[in-house]
There are 2 protein chains.
Amino acid sequence: MKTLEELREIIRNSISAIDFNRNPYELYEPISYILSLGGKRLRPALCLLACDMVNGNVDAAIETAIGIEIFHNFTLLHDDIMDKAEIRRGQPTVHTKWDDNVAILSGDTMMALAYEYIMQAPVGFRSKVFSVFNKTAIEVCEGQQYDMNFETRDDVSIEEYLNMIRLKTAVLVAGSLKIGAIIGDADELTVDKLYNFGENIGIAFQLKDDLLDVFSDVKKFGKVSGGDIVSNKKTYLYLKAFELASGDDLSLLTKLFSSKTVDAKEKVINVKEIYESLKIQQVTEAKIEFYYQRAKTCLDEIKLSQEKKAELVKYAESLKRRER
Amino acid sequence: MKTLEELREIIRNSISAIDFNRNPYELYEPISYILSLGGKRLRPALCLLACDMVNGNVDAAIETAIGIEIFHNFTLLHDDIMDKAEIRRGQPTVHTKWDDNVAILSGDTMMALAYEYIMQAPVGFRSKVFSVFNKTAIEVCEGQQYDMNFETRDDVSIEEYLNMIRLKTAVLVAGSLKIGAIIGDADELTVDKLYNFGENIGIAFQLKDDLLDVFSDVKKFGKVSGGDIVSNKKTYLYLKAFELASGDDLSLLTKLFSSKTVDAKEKVINVKEIYESLKIQQVTEAKIEFYYQRAKTCLDEIKLSQEKKAELVKYAESLKRRER
């Protein structure tokens, strides 16, 4: 069995080998650019890992895995327009480096290219792979819509939030594993359990992201903490704090998140203080542990040797422990 | 055999029957809206017509035909953002009625929905249908990119222009016919000839559009003529005029299309006068006739009875004669 890192390397090499020297240049240059910015190549590597785990032919899944990564980058490209994000992976976003129109159209083209690669799956698995991928693609769009809706709503429940991150983040991780298992010709139980593993680990991953944004070692996390607090983002921590706070804490929290004049640094310090008094870090860590355990149970139910599962267990643990 | 109008009616009914009452409402409402605005439903109807012509089972092509129409409307949705167009089919465009973000994300979702429908083609034809559709989808994006590039270029050749409208407009008409023929289990020659028919008729259609924008009976065309002149759009007429003009005509044309102060109405009148002296209308009509004849030759080469071809011949003639 290959390690996740070895599989990532396969993906990195395959993506660098794609020739985007096509016309019109103006359309393909931004696609080549965003794909060259790197990223963890996690989803396609997990796709290959699932295929490898179930004794499938990893080579047969490479094109499809690349399609998943192209799709993921397409969503980043369009999300960055919608979120007016200027930086992605330390570089200017496509709509900043070029403009919105370029980002819209290059994104659309990437979506079609993603399908092109996805459908290189071996003929016998193509319909199944397509169904999983397309359902996932639609769900990712739905997740992004919920995320945008939440910006202007002040009655978002924790349940709604968890469903949003499931759609926006987790289903693509889950779908990647499922597709890899399908191409590896795994039995239905294994395919489904890998999907559920991915869903739970994907939610845990996003909760950890929420946590690290507030409680992290700046040097290790690589960005100044508290960005979500400054932008009033309704994260798990935010929603949980409002659920648990009462009295003065609640008043102050409400004031901090509604004031337009409060200094950003001061706001982060004050909100963090309330989070600490409410033990939000511990509550969030417990929730992450909950999803991690659920993921692990899915893995336990798969009838494969521990050796086969080891790489995925290692990955799940690294997610939980990660500091950036 | 069914008439094109009967096939349109099938498409209209099938589209109205789609249930867009899905969550999140904010994502599906604009999709339902743009699909309810109508339009000629030409591409899906041609898809069904091709299937019917070759003695295929029309019912088996309906879902795929709807997918083509959803894709077409997705391109309109995103093009309207890029072109900052406010009106589509007499109603506010999606990005005007809602906003750019809604239009981007609903469009993305429509693209995934389009694939969902496209892939309802009968199992045996699915891979072929997908290939044709996906190639077409990428080409349509390329065509839109060329169109945007041309806005800021002043050395666009007529050949480049014809290739742009082929990609942006004609290949989807061609692909629709080809896909219908594939689902109808036609032989390769018929499939290819129907594609070529569509490509030629699609180019003729766009040239006719260019022509009608300048030389049309306002009452019949439904919009004030000369819009392309006012916006300096590099249409076939524009490019041909610059090719043919010399001396004073060329100077005036250059001046009219570069001045930022000239009155719109006056500009249209003056440009039309030059077009008339250069016989641009006749030249364009000859070019339309050229593509029409090429399309007709493709149809002649298909080994089917005249009766089977009659509806498509009628459609081609109506395109040539149309006044709106």
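A residue is called buried here if 20 or more other C-beta atoms lie within 10 Å of its own, exposed if 12 or fewer do, and partly exposed in between. By that criterion, buried residues make up 47% of the 324 residues in chain A. The model is predicted, and every value below is computed from it.

Chain A contains 16 helices and two strands. Its C-alpha trace spans about 60 × 50 × 35 Å along the principal axes. For 324 residues, a compact globule would have a radius of gyration near 20 Å, and chain A, with 20 Å, agrees with that expectation. The contacts of the chain can be sorted by distance along the sequence. Of those in chain A with a separation of 6 or more, 74% are between residues 24 or more positions apart.

Helix α3 covers residues 42–53 of chain A, and its twelve residues should span 16 Å at 1.5 Å a residue; the end C-alpha atoms are 16 Å apart, which agrees. How many of the twelve residues of α3(A) are buried? Twelve of the twelve are, and the helix is mostly covered. Just after the helix, N55(A) takes a positive phi of about 65°.

Helix α8 of chain A runs over residues 158–183, 26 residues in total, and reaches 35 Å from its first C-alpha to its last, close to the 38 Å expected at 1.5 Å a residue. The helix has a kink of about 50°, centred on A170(A). Of the 26 residues of α8(A), 19 are buried, so the helix is largely enclosed by the rest of the structure. D185(A) follows α8(A) and has a positive phi, near 60°.

In chain A, the peptide bond between N23(A) and P24(A) is cis, with omega about -5°, and P24(A) is found in the loop between α1 and α2 (25–36). In chain B, the bond from N23(B) to P24(B) is cis, with omega near -5°; P24(B) is placed in the loop between α1 (4–16) and α2 of chain B.

K84(A) has phi near 50°, although the residue is not a glycine, and lies in the loop between α4 and β1 (87–88) of chain A. Is K84(A) buried or exposed? It has 11 C-beta neighbours inside 10 Å, and therefore counts as exposed. K84(B) also has a positive phi, about 50°, and is placed in the loop between α4 and β1 (87–88) of chain B. With 11 C-beta neighbours inside 10 Å, K84(B) counts as exposed.

The next topic is how the chains are arranged. Two copies of a chain are related by a rotation about an axis and a shift along it.

The contact takes 29 residues from chain B and 30 residues from chain A. On the side of chain B that touches chain A, α2 (25–36), α4 (62–82), α6 and α7 (126–151) each supply at least two residues. The largest share, 13 residues, comes from α7(B). By type, the residues on this side of chain B divide into 16 nonpolar, eight polar and five charged.

W98(B) sits in the loop between α5 (94–97) and α6 (100–118). With 17 C-beta neighbours inside 10 Å, W98(B) counts as partly exposed. Leaving out residues up to four places away in sequence, W98(B) touches P30(B) and A103(B). I158(B) is 60 residues from W98(B) along the chain, and the C-alpha atoms of the two are separated by 37 Å.

Conventions. Residues are numbered from 1 along each chain as its sequence is written. Chains are lettered from A and ligands numbered from 1 in the order in which they are written. This is a predicted model: local features need pLDDT of at least 70, side-chain atom pairs count only at pLDDT 80 or more; totals for chains, interfaces and linings use all residues. Helices (H or I, at least four residues) and strands (E, at least two) are DSSP runs, numbered from the N terminus. Two residues are in contact if their C-beta atoms, placed from the backbone, lie within 7 Å. The radius of gyration is taken over C-alpha atoms; the globule rule is 2.2 Å times the number of residues to the power 0.38. Ala, Val, Leu, Ile, Met, Phe, Trp, Tyr, Cys and Pro count as nonpolar, Asp, Glu, Lys and Arg as charged, and the others, Gly among them, as polar. The expected span of a helix is 1.5 Å times one less than its number of residues. The bend at a residue is the angle between axes fitted to the seven residues ending there and the seven starting there.
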